[in-house]
Amino acid sequence: MNTLIAFSVAPFGAGEELSDAVAEVVQIIRNSGLKNRTYSMFTEIEGEWDDVMRVVKDATFVLAQKGLRTELVLKADIRPGYTNTMDGKLERLESSIKKNKKSGRCAQKDLTLYAITDRHWLNGETLKSQVEKALKGGATMIQIREKDLDEKEFLSEAEELLALCRSYGVPFIVNDNVELAVKIGADGVHVGQSDMNARDVRALIGNDKILGVSTQTVEQALFAQECGADYLGVGAVFPTGSKDDAEVLDRKTLMDICKAVSIPVVAIGGITKDNVRELKGTGIAGISVISAIFAQKDIQNATAELLKRTEEIL
């Protein structure tokens, strides 16, 4: 049965004369053939129970056989069906830290499933009702994107969705309309390359709001980061009908952008529950979708399924 042990073997006493005895203990552990790692106070060793305990015994007795009073401190983690827990625990910890780390004003976990509104698929529903279904399904960020509404209607709708997102504890982002975002106190703004310069947007929204920028090259990504962007929207990663002028970005460019910047990258464009797994290993922090949520008959279940598949690749 796989066992991970953290233990310390030490002779009573003090002084440099004991260092050779301790070195013998460490050498026994290293020669065991089992996975091990030595720190300043403890050594970790992983393997089958009998093998691990045999090494602990040998390491302990090497001191006792020298006539030294020996202290053994041991802690074991026994997990049936698991292997590589020594590294796995650290990897899971680092992953959790990364997801919860704040990038300026934005936690990376908020970008896992980023839903962008589109009224093309309302079919008699209100945008609010559809967004609430997405929130119930687990959408982690909402962006309102309106190109055709007049300012008064846009303002009213944005205020309504902001209140809804606040009730779910989910950040609410306004696409492009910086003035409106500031007016209603939205959580942030997203701009494209043809919109206002990201540096000017940051100056207008202040330092406490989220700024997202669409980019398609490493150069654009680095510049957006320099201008104060909190995350990047990169794509289109697949063919999409949501934007008429969207060019498909190759996988290598997506990966190069992720490696070049220290802020999170969100993949966008043509992503569905059927192709999202193809983005595994690219370095993205999450995905941004429109039709994969709002064009579906069951928005809540579609969101939940997409969230599950996205979390599996991150």
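Predicted model: local features only at pLDDT ≥ 70, side-chain atom pairs only at ≥ 80, totals over all residues.
In which sense do strand 8 and strand 9 (residues 172-175) pair, and over how many bridges? I looked it up: they pair in the parallel sense over 3 bridges. Pairing here takes at least two DSSP bridges between two strands, and strands (E, at least two residues) and helices (H or I, at least four) are DSSP runs numbered from the N terminus.

Residues are numbered from 1 along each chain as its sequence is written, and side-chain values use heavy atoms, leaving out hydrogens and water.

**Strand 8**

I checked Ile142 next and found Phe172 as its bridge partner in strand 9. Ile142 is also the bridge partner of Ala115. Strand 7 (residues 113-116) pairs with strand 8 in the parallel sense, over 3 bridges. From strand 8 (residues 141-144), Met141 and Gln143 point one way, Ile142 and Ile144 the other, and all are buried (under 20% relative accessible area with a 1.4 Å probe, protein chains only; over 50% is exposed, in between is partly exposed).

Then I followed the chain. Strand 8, helix 5 (residues 151-168) and strand 9 form a right-handed β-α-β unit; right-handed means that, with the strands pointing away from me, the path from the first strand over the helix to the second runs clockwise.

**Strand 11**

I saw that strand 11 (residues 210-215) has 5 of its 6 residues buried, so it is largely enclosed by the rest of the structure. Strand 10 (residues 188-191) runs parallel to strand 11, joined by 4 bridges. His190 sits opposite Gly212 there.
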